[in-house]
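Here is a short report on one protein chain. It covers strand pairing, helix packing, aromatic contacts and model confidence.

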Amino acid sequence: MDPALGPPEKMAERSDDLTPMMSQYHDLCERYDDSLVLFQVGDFYETFCEAAETVSRLLEITLTKREDSTGTYPMAGIPMDNAESYVETLLDAGYRVAVADQVQAPEEASGVVDRAVTRIVTPGTLTEDELLETDDNNFVACLTESAGDAGGSDGPGADAEYGLALLDVSTGDFYVTGTNSLSTVADEVGRFAPPEAIVGPGVRVGAAEAFGADCMVTPYDEAAFESDRARETVAAYFGSPDRLLASDAEVRACGALLAYAEYTRGGGKSADDLRAQENSESSPGGQDGCLDYLNHLTRYDPREYMLMDAVALRSLELFERRGVHGAEGATLVDVVDETASAIGSRKLKDWLRRPLIDRERIEDRHAAVEEWTERVRTREAVHDRLRDVYDIERLIARVSRGRANARDLRSLEETLDVVPDLKESLADAETERLRAIRESLDELADVRDLIGDAIRESPPAEITEGDLVREGYDEELDELRETERSGKEWIDSLEAQERERTGIDSLKVGHNAVHGYYIEVTDANLDRVPDDYTRRQTLKNSERYYTPELKEREDEIIRAEQRADDLEYDLFRGVRSRVGAESERIQRLADTVAELDALVSLAEVAAKHGYARPEMGGDGVRIEGGRHPVVERTQESFVPNDAAFDGESCVAVITGPNMSGKSTYMRQVALVCVLAQVGSFVPADAAELRVVDRVFTRVGASDDIAGGQSTFMVEMTELSEILRAATEDSLVLLDEVGRGTSTTDGFAIARAVTEYVHDRVGATTLFATHHHDLTAVADDLPGAFNRHFAADREEADGDVAFSHEIRPGPATASYGVEVASMAGVPDAVVDRARALLDEREAGDADAAAGDTGDADRRDGGETDDRTDARADTGESPAVAADGDPDVPLSVAERLRSTSIADTTPLEALELLDELKREL
């Protein structure tokens with residue numbers, strides 16, 4: 001067990017002798033032994049012993065010590081007013097954090113101040129704005145599994161029923177799906193990317209591994225997963241689960257996830273405890289564990305959306321760049337997100353994660369985007385007005401949890417002020433989608449008027465110190481304020497009165513927090529002090545006094561202030577509670593405004609960057625003048641290219657040199673399809689597209705050394721998933737399949753894959769390869785055709801120029817040596833490579849002329865099978881009789897012992913340089 005978790009070992013040895021405060025700390029660590037406990041002491045959160053050593057190292061703060069009658073303990077603390085940044089570091093390090101606050105005022109404590117854990121901070125249940133990404137969801141997941149056979153096409157447990165629930169505690173977004181496919185679970189986890197998950201009892205190890213290394217899998221009370229208890233939990237929020245959910249696995253996933261969210265936000269209290277205290281904000285957890293703002297549970301079928309698994313999301317760079325050398329912000333979401341609000345940005349990201357496959361819904365969005373592109377002035381006005389929309393999804397969640405302050409309510413009112421203008425801008429809407437949005441724009445006039453009448457325009461952040469409620473909202477509060485105001489006005493006039501009465505021109509009337517109001521007289525004037533002055537405080541050069549009348553006024557002011565502050569706090573809570581009661585309406589409004597913002601954003605991008613409305617339907621993919629939406633924005637010039645697939649021609653074999661644009665071209669075809677099904681216009685002159693059910697990618701090299709998988713094994717695993725799951729409605733991108741093994745094996749795999757996709761799958765497929773022999777499939781398979789990216793050699797200096805233009809037919813050369821030269825490979829290596837290439841090509845030509853056999857055509861890094869043949873017969877390369885130059889045995893042995901698949905490009909170049917010198 002991590003020594004930073006659980007009760008400190010040093011304290012455990014003497015737990016009976018600890019001071020009351022350290023005993024409190026020990027007990028909390030023992031109770032929350034899966035979390036790192038931050039223990040409030042004054043204005044700091046402290047940790048002790050092993051936890052302090054860990055915190056000091058991770059947060060790079062000073063390790064101090066605490067001494068008391070029982071011993072000396074290491075101690076490290078963080079300031080409360082800046083705790084979030086430190087907590088974020090602890091979360092990144094893999095810890096859950098239990099925050100133990102003082103829940104009793106020091107003056108009220110008879111001994112040690114009471115402390116209790118008020119919340120447990122975990123990666124998936126964050127609600128603190130400082131810890132959340134403003135424009136992205138933050139999901140916690142729950143996976144359950146029902147009993148099933150241990151076999152099936154999807155591996156062990158394929159016949160089991162899985163329930164997967166996902167909840168964003170900060171916004172109230174709540175989704176659930178059911179499946180009997182482990183791969184579907186993995187796909188959905190990749191789609192939503194939850195940073196934390198809880199897993200039910202009985203879930204197989206293979207299923208739990210679907211969450212991956214970046215997700216914290218947290219153990220949780222097995223009782224929460226019991227069917228009856230889970231049904232009760234779901235029913236408490238949404239009514240009978242039978243009308244919402246399709247299986248027991250889904251019910252248990254939702255129920256357990258709700259219980260876990262209550263547990264973390266309520267400081268480790270049970271659901272029953274939370275419901276018992278939900279009307280008592282003075283209790284340690286307040287209402288923070290309450291999730292009353294959860295109004296919608298959405299059950300969805302993954303097949304309702306285009307599926308892109310985690311591999312495809314990474315390869316297409318929808319949300320994150322794959323490499324470390326690219327420009328910052330160069331992802332799809334960064335170039336298409338012109339939203340004006342946080343809720344709009346989250347909506348657009350959700351659309352990108354879940355593109356539609358229903359043609360009617362897709363075209364509804366296209367029509368709305370088209371209308372916005374045509375109504376330029378109105379679109380720009382709406383876009384500007386949307387900038388005044390606050391993140392009311394997260395705001396209403398804070399309201400419902402009793403965590404919102406007066407400024408939050410004013411932000412909500414300011415957002416509601418925008419709604420009438422948005423509604424007016426849609427008065428002449430022509431498309432069905434925009435008319436529906438207009439009808440759904442609830443102005444919430446009652447809520448807006450309530451906040452406007454009750455809350456001051458610029459209230460303070462604190463809600464217990466007054467100045468929150470408008471004058472005129474409550475008669476009693478107005479009377480108390482008037483009493484306070486008149487008393488202070490009397491005191492303001494007292495100084496002038498007393499100077500005149502006493503003749504002391506230097507007399508001053510003041511106030512401090514300790515002694516209250518006073519009259520100050522310097523020592524030089526003490527002989528002129530009236531008899532009704534009573535000494536209150538002696539200073540170095542003066543005395544402070546009060547009079548009976550001043551004391552009476554002071555008591556009157558204090559009583560009025562205290563009563564007004566208490567009443568104002570109660571009034572504010574009442575307003576906040578009434579606003580919270582409308583959470584469902586506010587969430588519906590937030591969703592509508594978010595959709596409007598996303599559509600306006602898509603129209604902004606289309607108008608600025610020359611996107612075209614795609615025509616959906618048909619049996620192929622036809623793109624005229626297509627562009628990569630990211631690359632065209634990050635380069636000075638971009639060469640558009642066409643794409644043409646139909647029901648008869650579905651497999652394109654793409655050849656050409658490295659750097660010529662093969663990978664960019666394949667990705668741009670995929671991104672055009674993705675954007676179209678999101679509802680966006682596309683970066684092209686024109687496009688006619690079929691509706692794609694899935695996008696598969698096998699692009700680039702990666703490995704999983706920790707998991708025991710080489711680059712080639714990862715490649716084959718991804719390829720296996722594509723061949724198993726792709727359909728005739730899928731889009732498949734294959735880049736350099738088979739390059740992680742020998743040339744012969746690689747070509748055989750590539751050819752077999754091409755035939756399988758063509759004959760059995762029928763998916764629209766783009767296959768980029770350096771296996772030039774693979775281009776022969778165009779002659780053998782009726783649905784296959786060749787495309788290539790050309791390169792031209794300059795006559796003057798022999799350099800290669802890439803046109804980045806796709807053309808019919810296969811490429812004639814790979815130009816690998818030229819690319820190596822452009823990359824800065826030493827001249828000696830490049831020159832030797834050219835010489836070897838010339839020898840190889842001459843040998844191939846001689847072999848072909850003499851009809852000596854089917855010699856492999858050289859293709860960037862392919863090996864000569866004749867060498868393998870000699871090795872099999874034991875013939876020494878140094879005495880070969882086939883015309884090859886003599887090669888020293890030492891060089892031959894080093895070549896035979898080198899594993900090409902495990903050699904990096906740099907190591908290969910170094911080896912080539914060494915062998916050249918040896919020769």
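## Strand 10 and its neighbours

Strand 10 and strand 11 (residues 216–218) run parallel and pair over three bridges. Ile198 has Thr218 as its bridge partner in strand 11. This description rests on a predicted model.

Strand 10 (residues 196–199) also pairs with strand 7 (residues 140–145): four bridges join them, and the two run parallel. Here Ala141 stands opposite Ala197 of strand 10. In a regular strand, side chains alternate between the two faces of the sheet. Both faces of strand 10 are covered. Glu196 and Ile198 are buried on one side, Ala197 and Val199 on the other.

An open sheet is built from six strands, in the order 3-4-2-1-5-6, with mixed pairing. Its edges are strand 3 (64–68) and strand 6 (115–121), each of which pairs on one side only. From one strand to the next, the twist averages 35°.

Strand 1 (residues 36–41) and strand 5 (residues 97–102) run parallel, joined by four bridges. Strand 1 and strand 2 run antiparallel, joined by three bridges. Phe39 has a bridge partner in each of these neighbours: Ala100 in strand 5 and Glu46 in strand 2. Strand 1 and strand 2 also form a hairpin, with two residues between them. Gly42 sits in that turn and has a positive phi of about 65°.

How much of strand 2 is buried? Four of its five residues are, so strand 2 is largely enclosed by the rest of the structure. Strand 2 and strand 4 pair in the antiparallel sense, over five bridges. Thr47 has Ala76 as its bridge partner in strand 4.

Two helices lie across strands of this sheet. Helix 2 (residues 20–31) lies across strand 1, strand 2 (44–48), strand 3, strand 4 (71–79), strand 5 and strand 6. Helix 2 runs at about 155° to strand 1. Helix 4 (residues 83–92) lies across strand 1, strand 2, strand 4, strand 5 and strand 6. Its direction is at about 110° to strand 4.

## Aromatic pairs and charges over rings

A pair of aromatic rings is described by the distance of the centres and the angle of the planes. The count comes to 15 aromatic pairs. One of them joins Phe174 and Phe238: the ring centres are 6.0 Å apart and the planes are at 50°, so this pair is tilted. It links distant parts of the chain, 64 residues apart. Phe174 belongs to strand 9 (residues 174–179), Phe238 to helix 7 (residues 227–238). Both residues are buried.

Ring pairs also link Phe139, Tyr175, Phe192 and Tyr300 into a cluster. Arg354 lies over the face of Tyr175, at 4.8 Å from the ring centre. Elsewhere, Arg365 lies over the face of Trp351, at 3.8 Å from the ring centre.

## Confidence

Where does the pLDDT stay under 50? One stretch is residues 703–708, for which the model has six contacts beyond four places in sequence. Another is residues 852–884, with 49 such contacts. For the chain, the mean pLDDT is 85. Of its residues, 87% reach 70 or more.

Methods
Residues numbered from 1 in each chain as written. Predicted model: local features only at pLDDT ≥ 70, side-chain atom pairs only at ≥ 80, totals over all residues. Heavy atoms only, no water. pLDDT = per-residue confidence, 0-100. Contact = heavy atoms within 4.5 Å. Phe/Tyr/Trp six-rings, centres within 6.5 Å; stacked < 30°, edge-to-face > 60°. Buried < 20%, exposed > 50% of the residue type's maximum accessible area, 1.4 Å probe, protein only. Lys NZ or Arg CZ within 6 Å of the ring centre and 35° of its normal. Pairing = 2+ DSSP bridges. Axes fitted to C-alpha atoms, helices over the stretch in contact; angles between N-to-C directions.
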